[in-house]
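Trainee: Could you take a close look at one part for me, the salt bridges, and then walk me through whatever connects to them?

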Amino acid sequence: MADGFIEGLAQKLRIIPNLDREHSNNGGDALRKFPSSDNWHDHVELDANEWPKRVERRYSLVPTTCFNCESACGMLAYVDKESGQVTKFEGNPHHPGSRGRNCAKGPATINQIQDTERIMHPMRRVGVRGEGGWERISWDEALDEISAKIRASLKTGAKDRVVYHVGRPGHEGYANRILKAWGVDGHNSHTNICSAGARTGYGLWHKHDRPSPDHANAKVILLTSSHLETGHYFNPHAQRILEGMMDGAKLIVIDPRLSNTAAMADHWLPTWPGSESALFLAWAKMILERGLYDRKFMEDWVNWEMWLDAAHPDEPCTFERFIELLLDEYSEYTPEFAAEECRIPIEQVIEAGEAVANAGSRLCTHVWRAAAIGNLGGWQVARTLHLLNVLTGSVGTEGGTSPNSWSKFKPELFDDPPDPDGWNDLHFPPEYTLSHYEMSHILPHLVKDGRGTLDVYFTRVFNPVWTYPDGFSWIEMLENEEAIGCHIALTPTWNETAFFADYVLPMGHASERHDINSYATSAGKWVAFRQPVLREYARREGREVEFTHEVNPGEVWEEDEFWNELSWRIDDGTMGIREHFMSPYREGERITIDEYYQYTFERVPGLPEAAAEEGLDALGYMRKHGAFLIEDATYSKHEEEGWPTPSGKQELYSQTMIEFGYPEHAIPHYRIRSHVHPDNLQGEDEYCLLPNFRLPQHIHSRSANAKWLVEIGHRNPIWIHPKDAAKLGVSEGDLLKIETEIGWFVDKVWVTEGIKPGVIGCSHHIGRWRRSQDRGNRFLTNEVAIENLGGGRMRMRTVSGVEPWKSDDPDTNRIWWRDGGVHQNITHAVQPDPISGAHCWLQKVRLSRPGPDEKYGDVEVDTNKSFEYYKRWNEMAKQRETHPRGERRPLWMKRPLPPRKEHWFMPE
Ligand code: SF4
């Protein structure tokens with residue numbers, strides 16, 4: 001039934017179709033949102049391409065999950081039974097996170113699969129690394145050669161010279177298990193250019209380092225975001241934010257840029273980047289002054305007594321006195337102060353603050369990337385934002401914000417090798433004592449500084465040359481065979497980093513690989529199965545498959561089976577690696593990929609029982625449905641589990657910060673002014689460049705071969721406010737030269753009121769390139785020439801923009817766009833936050849008209865300057881380096897792939 005009277009009337013009058021009717025008027029099948037899973041192996045629908053003829057096609061619908069962002073939404077691959085090929089992707093209604101819906105990037109997986117330029121076979125470098133020569137080799141050759149190099153490194157006893165560097169993760173525990181089996185502290189990630197700032201802020205409160213907002217049940221949804229709606233958890237969050245709003249929730253968006261979400265908000269607060277903590281503390285003060293805090297939650301679950309003991313030992317240890325003293329502590333955070341710091345009207349501070357203060361336990365907050373990864377001290381943004389949840393008692397509540405780990409399923413693996421017996425100083429250098437993740441963005445600088453080298457370096461779905469700041473320093477490192485003995489790029493598509501590899505190994509897209517996924521995309525807990533759909537189709541058709549590359553296009557493989565094979569070959573029989581790859585079901589035999597998943601799914605709570613009801617085993621259930629809901633909602637787990645912090649409570653007061661040399665941050669404050677704070681800019685001549693937002697239809701570096709997505713978005717102009725445009729004398733389409741600390745780039749201007757005056761914006765998802773000798777991604781890559789000008793100076797110029805070409809896909813000859821944007825990231829200086837370790841994305845820039853020889857798309861960088869600049873930021877961490885009790889970092893805090901405890905202490 002239609003929900004509303006008007007809708008019902010409109011259906012009766014046939015103004016809109018009646019999608020609820022059980023039978024269509026012409027006696028055909030009922031209109032449905034999704035095909036019934038009972039018919040998934042024999043689904044019939046009309047071929048749209050044959051319209052108006054009614055030609056039926058038969059499909060096998062195989063569930064898998066999207067691989068285009070972290071959310072892992074469910075998808076159904078339509079395998080055409082005539083051709084045996086995947087022809088399209090739709091949403092999987094059985095996936096509890098995405099509930100049948102996808103963003104544009106999900107169905108565009110078909111573009112990625114059918115990309116005529118994708119890597120089909122293992123490739124080995126010919127000639128000098130980076131010159132662009134390649135030859136096709138077999139998987140056997142690749143496995144033998146790479147395993148020999150790893151074996152040689154491991155036999156030296158080194159624990160830090162074989163490294164796996166992951167861009168897009170998405171497999172719970174698989175790679176870590178492999179690295180443990182090899183015995184290396186070899187996990188590196190992209191997290192320090194992504195979420196590490198926010199993780200530090202959350203980690204200080206309760207060890208759990210990500211938030212899980214319950215948007216659908218909130219009274220107030222407070223987002224601190226430069227790309228929330230277009231980035232992580234985009235589709236699952238967007239649908240729940242809308243549900244919450246339809247139920248009356250108010251949406252507050254804090255962002256200097258008018259994002260799509262900000263455009264839908266009740267309150268858009270375009271704060272000056274880095275000032276957000278001032279705003280949150282002003283709101284905290286409002287809550288305290290008005291007595292709107294949740295006394296019970298705070299008394300029970302916050303370590304307020306520890307703060308009184310440490311900071312006010314002579315005061316009575318009562319909750320009332322604590323509130324008074326906290327108000328004294330926060331006395332400077334008035335609405336006037338917040339308005340001045342944020343450069344927004346005081347009325348906005350108060351009006352939105354009223355909504356927050358009155359939200360009670362249904363205050364739902366989120367920050368991801370955005371300000372937390374943009375600014376020096378960005379981690380305080382997450383810490384002060386969470387303070388609002390703590391004060392209102394909206395931690396772990398319905399409509400509030402929970403720790404993400406409550407909603408994330410951790411698989412039980414068939415074998416757990418011992419923790420690494422070493423510590424990798426290139427990943428966790430001693431001066432970054434509180435860095436939540438690996439210092440991956442300064443790896444080239446650490447190597448240049450003589451602090452280590454690598455024997456074997458895997459980049460997995462990871463493209464730092466393009467995605468990271470200061471990409472020329474990455475090229476410099478990757479070209480240096482003394483620094484990186486062997487570089488292997490595991491990737492589904494060509495990319496700027498793969499151009500500088502020794503081996504390029506084709507790994508599958510979403511429907512061509514196995515992975516387990518579980519993310520806190522809602523208040524519940526789910527597990528999903530990314531499966532190679534043609535393998536499952538073969539199984540349904542009764543065909544035996546040993547390895548996934550037998551059914552994938554070309555020789556495209558998957559990491560899972562690759563790691564197993566590689567591990568087996570590394571071990572010459574004396575290294576104890578093979579024992580971690582034995583079947584848990586068949587004594588003395590090697591594990592198969594099906595057994596791996598069978599073991600894990602058999603241990604998912606409730607799954608074997610649900611499977612039995614359908615006459616299936618646990619693996620069979622996941623093959624059929626693709627996902628399973630473990631818990632509906634995961635509220636209030638602290639009442640059973642407590643908080644995993646030293647005090648066992650929410651840590652308003654952090655003894656850890658004091659012990660590690662930062663006493664001024666014992667409790668949440670706004671003590672650090674961002675490097676782009678107006679006081680740190682050179683008057684009106686310097687601007688703040690906001691580069692860390694996404695376009696909704698792009699992924700960092702894997703959507704350039706998705707033609708539908710590229711057609712929608714392929715340029716990244718400079719967003720500039722009309723006032724600034726007038727000051728600079730530029731209008732729409734004019735060129736501007738943007739000078740960073742280490743170089744410059746030339747881009748076109750887009751004049752818009754959607755950006756705060758004094759701030760300019762530029763999405764960092766566009767500006768892909770390839771040199772004349774490189775291949776791939778021609779939908780979105782400019783052809784460029786790179787020139788070494790000497791003395792560390794590197795220049796990149798566009799030779800030609802995007803152009804059509806002839807291929808088996810007629811669309812490649814229909815490309816109408818020519819502009820592939822500008823690679824701005826490569827001109828950014830690295831700016832490692834001394835506390836969180838996270839890269840501070842925002843850049844101080846100077847703007848001018850380009851010179852006569854400076855053209856659109858030109859880029860120039862001085863890598864010597866970038867090294868000197870890195871050292872200045874590195875010095876900030878070194879000056880405060882403190883190791884209480886000899887600890888490298890707090891023993892209680894999280895660390896990816898933690899080594900054995902003895903390595904957590906500085907060597908004597
Ligand atoms: S939000 Fe979009 S890109 Fe991300 S997993 Fe879902 S469908 Fe894929």
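Mentor: Glu860 and Arg795 meet through their side chains in a salt bridge, at 3.4 Å from N to O; the term stands for a side-chain nitrogen of Lys or Arg within 4 Å of a carboxyl oxygen of Asp or Glu. This pair links distant parts of the chain, with Glu860 in strand β30 (residues 859–862) and Arg795 in strand β28 (residues 793–800), 65 residues apart. Helices (H or I, at least four residues) and strands (E, at least two) are DSSP runs, numbered from the N terminus. Glu860 counts as buried at 9% relative accessibility, while Arg795, at 22%, counts as partly exposed. Buried here is under 20% relative accessible area, exposed is over 50%, and partly exposed is in between (1.4 Å probe, protein chains only).

Before going on, keep in mind that this is a predicted model, where local features need pLDDT of at least 70 and side-chain atom pairs count only at pLDDT 80 or more, while totals for chains, interfaces and linings use all residues. Residues are numbered from 1 along each chain as its sequence is written, and side-chain values use heavy atoms, with hydrogens and water left out.

The structure holds 79 salt bridges. Take Arg590 and Glu565, whose side chains meet at 2.6 Å, N to O. They too link distant parts of the chain: Arg590 sits in the loop between α20 (559–570) and α21, Glu565 in helix α20, and 25 residues separate them. Arg590 is partly exposed at 31% relative accessibility, whereas Glu565 is buried at 12%. Both belong to a network in which salt bridges that share partners join Asp140, Asp144, Glu565, Arg569 and Arg590.

Glu431 forms a salt bridge with Arg451, and their closest N and O atoms are 2.9 Å apart. Glu431 lies in the loop between β14 (401–403) and α16 (443–448), and Arg451 in the loop between α16 and β15 (454–460), 20 residues apart. Glu431 is buried, with a relative accessible area of 2%, but Arg451 is partly exposed at 28%.

Now for the rings. The count comes to 42 aromatic pairs; rings of Phe, Tyr and Trp (its six-membered ring) pair if their centres lie within 6.5 Å, and planes under 30 degrees apart count as stacked, over 60 as edge-to-face and the rest as tilted. Tyr174 and Tyr596 make a tilted pair, 4.7 Å centre to centre with 50° between the planes. Tyr174 is in helix α4 (residues 174–182) and Tyr596 in helix α21 (residues 593–601), so to speak from distant parts of the chain, 422 residues apart. Both of these tyrosines, Tyr174 and Tyr596, are buried. Phe499 and Trp769 have ring centres 6.4 Å apart and planes at 50°, so they count as tilted as well. That pair also links distant parts of the chain: Phe499 is in the loop between β16 (484–491) and β17 (503–506), Trp769 is in strand β26 (residues 768–770), and they are 270 residues apart. Phe499 and Trp769 are both buried. There's also one aromatic cluster formed by Trp139, Tyr164, Trp182, Phe458, Phe547, Trp557, Phe562 and Trp563.

One last stop is helix α18 (residues 471–479): 7 of its 9 residues are buried, so the helix is largely enclosed by the rest of the structure. Among the buried ones are Phe472, Trp474 and Ile475.
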